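Colleague: I am new to this structure. Please take a close look at a single part, the packing between helices, and walk me through it slowly.

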Amino acid sequence: MQEKNTPFRRGIIHEFNKKWIEGCVRVLKDDGTIWISGTLHNHPSIGVVLKKLSLWIINDIIWFKPNAPPLIQKNRFVPSTELIWLASKSKRYYFNYEMAVKLSNGKQMRNLWEMPAERHKTSHPTEKPEKLLERIILIGSKEGDVILDPFMGSGTTGVVAKRLNRNFIGIEIDEKYYNIAKNRIESTPIENNLVKFLEKLTNKNALQLDFYSNTEKERCY
Ligand SMILES: C[S@@+](CC[C@H](N)C(=O)[O-])C[C@H]1O[C@@H](n2cnc3c(N)ncnc32)[C@H](O)[C@@H]1O
């Protein structure tokens, strides 16, 4: 996000990326994963930092927003994607493959995620859709895990983490957004039935999701 007096503006974005990614890696569990989304201008630096820190780059996920707004300028393509880096400390990382298949209509999930950008629920200009975070958190973590978002914004990661019964640590420099996030997270209830939640998320019933063939059948949390 490019704001006044941010590292972007001060031209020290690469040093800044190195510092915060190093900090995240320091607290990342050995089998944990790091998911980084951002703007095109920041991605080359992120890629270099991930390589320099010897992280294992698992995937580049392209989030395609079919409802991206048109451009006023007539000298470029309409930006309608965001890139999300998925990386880990080693090749032994947690990845809920079965969940990804359930969320992908019974097929292997591809790295192109078509998902509309949602109208903002808060006044934050770059609020992420909860659906995007639901996918990331369901596939990348287990119930009871700790999720860290060092650029919390309006708290979408925290809302979804709490809903899905994960612990959450959020960091936000702007007090206004911090308060929005805090209120949003506090008023989010914990989902106590994963099957029902997934039925709603995928528009399928438990049978179609193949829940009855595994231990998640009766699982409530
Ligand atoms: C792209 S937004 C995150 C949006 C969030 N995913 C959401 O759904 O609302 C990035 C956030 O990082 C915050 N930020 C920028 N620099 C920061 C810093 N050094 N420490 C903590 N937060 C920072 C900004 O204020 C902004 O709210």
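Modeller: One term is needed before we start: a crossing of two helices is called right-handed if the near helix is turned clockwise from the far one by less than a right angle, and left-handed if it is turned anticlockwise. The model is a predicted one.

First, the setting. The chain has 8 helices and 6 strands, and along the sequence they follow the pattern α-α-β-α-β-β-α-β-α-β-α-β-α-α. Its C-alpha atoms fill a box of roughly 55 × 40 × 35 Å along the principal axes. For 221 residues, a compact globule would have a radius of gyration near 17 Å, and the 18 Å of this chain therefore agrees with that.

The part to look at is helix α6, which covers residues 156-163. It packs against helix α5, residues 130-140, with the two axes 9 Å apart and at an angle of about 55°. Angles under 35 degrees count as roughly parallel and those from 65 to 115 as roughly perpendicular, so α5 and α6 are oblique to each other. Their crossing is right-handed. On the α5 side, the contact is made by Glu130, Leu133, Glu134 and Ile137. On the α6 side, these residues meet Thr156, Thr157, Val159, Val160 and Ala161. Sorted by class, the residues of this contact are 5 nonpolar, 2 polar and 2 charged.

Helix α6 also packs against helix α7, residues 175-186. Here too the axes are 9 Å apart, but the angle is about 15°. The two helices are therefore roughly parallel to each other. The crossing of α6 and α7 is right-handed. Gly158, Val159 and Lys162 of α6 meet Ala181, Arg184 and Ile185 of α7. This contact has 3 nonpolar, 1 polar and 2 charged residues.

For comparison, consider another pair elsewhere in the chain. The axes of helix α2, residues 13-27, and helix α3, residues 43-52, come within 9 Å and cross at roughly 45°. These two helices are therefore oblique to each other, and the crossing is right-handed. Ile13, His14, Asn17, Lys18 and Ile21 of α2 make the contact with Ser45, Ile46 and Val49 of α3. The residues there are 4 nonpolar, 3 polar and 1 charged.

To sum up, α6 lies oblique to α5 and roughly parallel to α7.

Technical notes. Residues numbered from 1 in each chain as written. Predicted model: local features only at pLDDT ≥ 70, side-chain atom pairs only at ≥ 80, totals over all residues. Axes fitted to C-alpha atoms, helices over the stretch in contact; angles between N-to-C directions. Helix = DSSP H or I, 4+ residues; strand = E, 2+ residues; numbered from the N terminus. Parallel < 35°, antiparallel > 145°, perpendicular 65-115°, else oblique. Contact = placed C-beta atoms within 7 Å. Nonpolar A, V, L, I, M, F, W, Y, C, P; charged D, E, K, R; others polar. Rg over C-alpha atoms; globule rule 2.2 N^0.38 Å.
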